[in-house]
Each structure stands twice: as structure tokens, then as C-alpha cells.
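Please examine the sequence and the structure before reading on.

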Amino acid sequence: MTDGQRRAPLYEQLVRHRERAPASFHVPGHKSGRGLDPAASGLFRDIMSIDLTEIPGLDDLHQPEEAILEAQRLAARCFGAEETMFLIGGSTVGNLAMILSVCSRGDVLLVQRDAHKSVIHALMLAGAKAVFLMPRIGPRGVACGLAVEDIAEALKTYPEAKGLLMTNPSYYGIGVDLKPIADLLHQHGKVLLVDEAHGAHFGLHRELPASAMASGADAAVQSTHKMLTSMTMTAMLHVQGPRMPRSALKRLLAMLQSSSPSYPLLASLDVARRQMALQGEALLGQALSAAGLLRKRIGSLSRLRCLHAAEAESPFPADCTYDPLKILIYDRAGTGDGYRLKAELEQAGCFPELADPAHVLLVLGPGSREADIERLAAALRGIDGRLPSGSASACNPSGPAEAPLRLLPDMAAMSAPVAFDLSLASQAPERWVSVAECEGYTAAQMIVPYPPGIPLLYPGETITRPVAELLARLADSGCRFHGHDVAKERTVPVSGRAPV
Ligand SMILES: Cc1ncc(COP(=O)(O)O)c(C=O)c1O
């Protein structure tokens, strides 16, 4: 760590400006918080005092030359990048810019199928074609990343592809070793783009997987707000090497992000980077201890279990990586469904990250406290004792006899190129058909169980029987959807002719 990492240049500059007690004749209209509604000022006052704009000394995100440039350079050094761009639209905007900078109309991109919806949106904006690669499915139906052999096959089949977009790690914290994949792509002269939204902490502690940058990716987007300590909506885009068109990236970010980026958000990135550079190892060590304690507490329950490398009933492929700060719990007898378990935890004042039909995902981080772990453990003990009895055969160490409901059905290992277009975002469905009858139709809109925000269907995709069955089961299970609410409407928006 260099001494520069002790500084938070943007944050410090904002504090210095505040200390001058300046008279504001510029936007924002609240004038450093003085015009705030008094009813809310108690909570907002401090943060509003640094909610400023591009006045001298405060630099400009879209043309950084001073404090923001310095803050971004420190972040690049801390996170192992050659260049880092601060984002105020989350990894969402990072994915958009990353893909748009590499793909033009008609270009082919290899895309891991369990990608976030922002990846599909980027393909639509670019007018690009995706060749979807299906991740492997590990224990309990959890997706566990792409196999390097499948990527090699795709590169052979589609030598014109611009590169590969991976989601690594997944929302559930499962990823793969990216080094051989980066090497493979580079041998073919292609780029490796990584949606590392869930891995901003990677590489900052010896027990955590290596980051995409350390593994040789050309670009990686990290939601600093998800696993580190910056404010919601903040993220970073890291790049290295000669393959990314960096000027285009910056122009795209200027196009996609607000021309009035929030200084509190930007400063929170600066402060989070400083904190990680100075204390990352210790703070993440505490979070890892808290996760270990939680796993131990769950280990003493009779029905609820957690999925982790050491406890997985059948091993994940050897090249998989695991984030120990993600804890996925489930009922080993297979009766307790994820949504009900989540609701019961919420009633006890413990709020998980997400549920799926069979699991609840808990996320720990630098802010996790032992007292919270014990509170959660007590709630889980209560729930464990109240679970309806499951079948005896299901209670064996290898888990329930019936595989849990997955959020990603079986699909071809590699799709044909799928052409995306912006018109797909605005097209009106020709009709809505009932979930029970949707097989064989063409989806007219994205169908997105949320969270995790991975489209189960994209517009133009033919609805296969496994997908139709999964939709029906998800609609019955309490799953939430973004966009068209399949659970509430019991329909799917479709276009084209009825299947024969
Ligand atoms: C894999 C993945 N990528 C990107 C995003 C978008 O991140 P953000 O919320 O920072 O925009 C998410 C959000 O959950 C995600 O799960």
C-alpha cells in the first residue's frame, strides 16, 4: 500500500469546501442543505452539505482532472486495475458501457446465459447478437459458471465473436477461476468482460477468490455498494491492457450517466476505497469470522443447512470459487420453501438478501456484527423447530430426493446467435397467453424473476417446455417478477403465431 492510499482526495476536497462556509449561488437548490424540509433535515443535513456541483476545486466526473481523477487513480491501484472509472448508476451502467464499447450493430458476443438484465439491455442498445453459453449446474441446482472447454468450443464455432461477457461470481457467490479463461480469450485476440457486481471485495483478503482484474480480465464492473461500504448506486469500472477502447468507454459513460453526478455518492466510493486499502484485510477478516460463526450456528440445527464448499452434498467442479460471505440456507427435508423462510426471518426482524423457491440467501460484509448473527441464529432455531415434518427419505445427508426448483432450466450448452435490437425494448406484445399454454410461443418481453434479476426469457426467445413448466412453478411459488408480473397476471406476453 502506498501512502497515497491514506488520502481520500475527493472526500477531503468536499469537506474543505464545506469548511469555508460558502455562499451558494449554484445548483442544487437546497443550497448545501439549508433549504431542506426541516422535517427531514435531521437525517439529511450532513450529507446535503457536501451535495455540491462542478464548481472550482471539485472537478468533473465526465472530464476528471483533479480530485476525481486522483480518487479514481487511487482506486485503480487499490483494486489492481490500470484505470478505474467511478459509476453512479451501479453496475447496471457499467455493463451497458462495457458492452456498448466493444459491440456494434450485428457484432457477436459470447454471453453467459445467467446474466443480469442489464447485459440483455446492453445487447439491445448495441443491436448485437448474443451466443448464450449455459453455465454448469452444481449441487441443489445452483449455477456454477462456465467451463473453459465450452468457451473454447464457442470460440471455434464463432471466431468472429468480439469476446466473452461473464457473470463472475454469481449472485449466490459461486464463480470460476478466470485466469485460464482470460488466457484462452487473449490467445484468440478477444476481450474478457466480467460483470463482477457481486465481487467488489474479491482479492482483498487471502480467503476470498482472486478478482477479475488479478485474473487478467480486460474490463470488470464491480458494485462497490453491494459487498463493500459505499452508498447504493455506486460502482466501479476497472480496465487494463490494450484491448478495451477506453476513450469510447468514457464517451459512453458520459452519455449514459447523469451530467450532474452526485458528489456524496462519488465521495462514498473514495472513502470506501480508502477504508479497504487501509483496513480491508482486518474488516473482511471480521466479516469472514462472522460468516464462520453463522455457519457454525446453522450447523447445529436439525433441518436447516447451508450450502458451502465444505458442506456441499456433491462437489462443485474443481475450478469453482466460493464467496464465504454468501450463505445460502435451505431445508434439507425439502418442505420449507425459500419464500416462506424469508418471510419468517423478516417477521423476526432479520432481512435476507433474497429467496428463491428452495433457498434463502444471506449476505455478510464489513458491517456485519456478532450480535446480528446471534439474533439471526435465534430466529433460525425457532423456525427450524417449527418446520413441517418432511419425508424421512428426504432427510438423508444428500438432501431431498427431489431436486429443488431451479431459476434456470436446462437449455442448450450453446445457443445460435440471437439478434437483439432496441425495437425489442419498446414492442407491444401481440397478445398475452396463459402460463399454462405459453409453450411454443415467442416471448415478447423479458421475463425476469427478481431478485436475482436474471431474465428467464428474453424477447424473441421461443418458450420451451422446461421454461413453460418453470414459469408455472415460479408463479405458484411466491416468486416476484420485474416488468410483466407473471405471478399476478398468470400470463406471458407473446408475439408471432400460435405454435402448431
Ligand atoms: C450479476 C449482476 N450484475 C449487475 C447488477 C446490477 O448492479 P447494480 O444494482 O449495482 O446496478 C446486479 C444487481 O443485482 C447483478 O446481480
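Into which domains is the protein chain divided? In this predicted model, the chain comprises domain 1, covering 281–386, and domain 2, covering 427–495.

**The two domains**

A distance of 29 Å separates the C-alpha centres of domain 1 and domain 2. Their contact draws on 6 residues from domain 1 and 6 residues from domain 2. Together, domain 1 and domain 2 bury about 370 Å² between them, and carbon and sulfur atoms account for 69% of this area. On the side of domain 1, three residues stand out: Tyr339, Leu354 and Pro357 provide 85% of the area that domain 1 buries against domain 2, more than any other three residues.

Which kinds of residue does domain 1 present to domain 2? By class, the side of domain 1 that touches domain 2 has 4 nonpolar and 2 charged residues, with no polar ones. The count of salt bridges between the two domains is 0. Likewise, 0 residue pairs in polar contact are found across the interface, where both residues must have pLDDT 80 or more.

**The ligand**

How many residues surround the ligand? There are 14, and the closest are Thr92, Asp195, His198, Ser223 and His225.

| Residue | Ligand atom | Distance |
|---|---|---|
| Asp195 | nitrogen | 2.6 Å |
| Ser223 | oxygen | 2.7 Å |
| Lys226 | oxygen | 3.0 Å |

Taken alone, the ligand exposes 390 Å², of which the protein buries 89%.

Conventions: Residues are numbered from 1 along each chain as its sequence is written. This is a predicted model: local features need pLDDT of at least 70, side-chain atom pairs count only at pLDDT 80 or more; totals for chains, interfaces and linings use all residues. Side-chain values use heavy atoms; hydrogens and water are left out. Domain bounds come from an automatic or database domain assignment. Contact means heavy atoms within 4.5 Å. Buried area is the accessible area (1.4 Å probe) that two parts lose on being put together, summed over both. A salt bridge is a side-chain nitrogen of Lys or Arg within 4 Å of a carboxyl oxygen of Asp or Glu. A polar contact is a pair of N or O atoms within 3.5 Å; within protein, one must be able to donate a hydrogen and the other to accept it, and residues adjacent in sequence count only if both atoms are side-chain atoms. Ala, Val, Leu, Ile, Met, Phe, Trp, Tyr, Cys and Pro count as nonpolar, Asp, Glu, Lys and Arg as charged, and the others, Gly among them, as polar. A residue is near a molecule or strand if one of its heavy atoms lies within 4 Å of it. Accessible areas come from the Shrake-Rupley method with a 1.4 Å probe; for residues, only the protein chains shown count as cover.
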